[in-house]
Amino acid sequence: MKRKAVLIVNPSSGKEQARAYTEEAVKELQKVYEEVEVKETKGPGDATDFAKEASEEGVSLVVSMGGDGTVHEVVNGLSENEVRPALGIIPLGTVNDLARALGIPLQPEEAIEVLTKGKMRPIDIAKAGDRYFTSGFALGRVPESIHQVTSDEKSKLGPLAYLLAGLKQLMGKEKIQLKIDSKEQVFHGELMAVVGSLSGSLGGFEGIFPEATLEDGKLHVLLIEDLSLLDTAKILPDFLKGDVASSDHLTYFATRKMKVTPVGEEHYESDLDGEKGPKVPFTVEVLKAHLNVLAPEEEK
């Protein structure tokens, strides 16, 4: 592949600080790559298109500078291709789930250094229907409420904004009717929510699934059944510490592939990495070691 890097910048990320770091990132990349091209997004889908074009061109590295939404779009632009450039991440978002899971510094100046000093790390991603994701998966009323969190709420509260929105929706008691089929678990009935993670983190809260890694080939899934306010108050501290088996109202399993089908006519909305995903029915499948990402060298 040609020694070229493409830097995809979301100028509205990080309280519009992205442009301030672009020049620094270009200088760092020029130490290693013969050519560095900067592409700024102007709207939804741009990052996906830019990443797809870069992949088809045969560049060596595509860097996402922005939040989880930008990473999600870039990954979707890269993942369909048979030969894929490596991925670099300069996190400027509210949550930065994938960066956290990979140990990429959340300070942009430090993350920029990883682009030339980091190591290639093959990671799993997953595909739900026709969309790819790298970190979190959710289904039901919770993702619908998360998508309504405003930029102002995210700026003020950070990851807590998503947690509060999700809890508020759970208290609404509106259920979803699903059939879930996997080798490890079969479920048919009512649920409050389905959440899953490739990395162990969800919405910026780390260690929700302590056994999960980005290399284990599995999506770690939690089925949330009927929870009262009292149940939630009892479970939440253990849940945030990674004790997902602490309640009869939670069913945990890890799988490589599962089929999700609605029971009835409503096609529930999904959430992938904090972005709107496909509506059910669809199949979720983990793609082992599908992407190479530049990350700090793991401590031994």
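1. Contact here means heavy atoms within 4.5 Å. With that cut-off, and leaving out residues up to four places away in sequence, T134 touches V75, L98, I125, L198, L214 and D273.

2. A word on the basis: this is a predicted model, where local features need pLDDT of at least 70, side-chain atom pairs count only at pLDDT 80 or more, and totals for chains, interfaces and linings use all residues. Numbering starts from 1 along each chain as its sequence is written, and side-chain values use heavy atoms, with hydrogens and water left out.

3. Back to T134, which sits in the loop between β6 (131–133) and β7 (136–140). Its relative accessibility is 1%, so T134 counts as buried (under 20% relative accessible area, with a 1.4 Å probe and protein chains only). The T134 side chain also makes a polar contact, at 3.5 Å, with the side chain of S135 (a pair of N or O atoms within 3.5 Å, one able to donate a hydrogen and the other to accept it; neighbours in sequence count only if both atoms are side-chain atoms).

4. Now a helix pair: the axes of α2 (residues 18–29) and α6 (residues 108–117) come within 9 Å and cross at roughly 20 degrees. That makes α2 roughly parallel to α6 (angles under 35 degrees). On the α2 side, Y21, E24, A25, E28 and L29 make the contact, and on the α6 side P108, E109, I112, E113, L115 and T116.

5. Finally, α3 (residues 46–57) packs with α4 (residues 68–78) at about 35 degrees, the axes being 7 Å apart. Here D46, A47, T48, A51, K52 and S55 of α3 meet T70, E73, V74, N76, G77 and L78 of α4.

Technical notes: Axes are lines fitted to C-alpha atoms, for helices over the stretch in contact, and angles run from 0 to 180 degrees between N-to-C directions. Helices (H or I, at least four residues) and strands (E, at least two) are DSSP runs, numbered from the N terminus. Angles under 35 degrees count as roughly parallel, over 145 as roughly antiparallel, 65 to 115 as roughly perpendicular and the rest as oblique. Buried means under 20% relative accessible area, exposed over 50%, partly exposed in between (1.4 Å probe, protein chains only).
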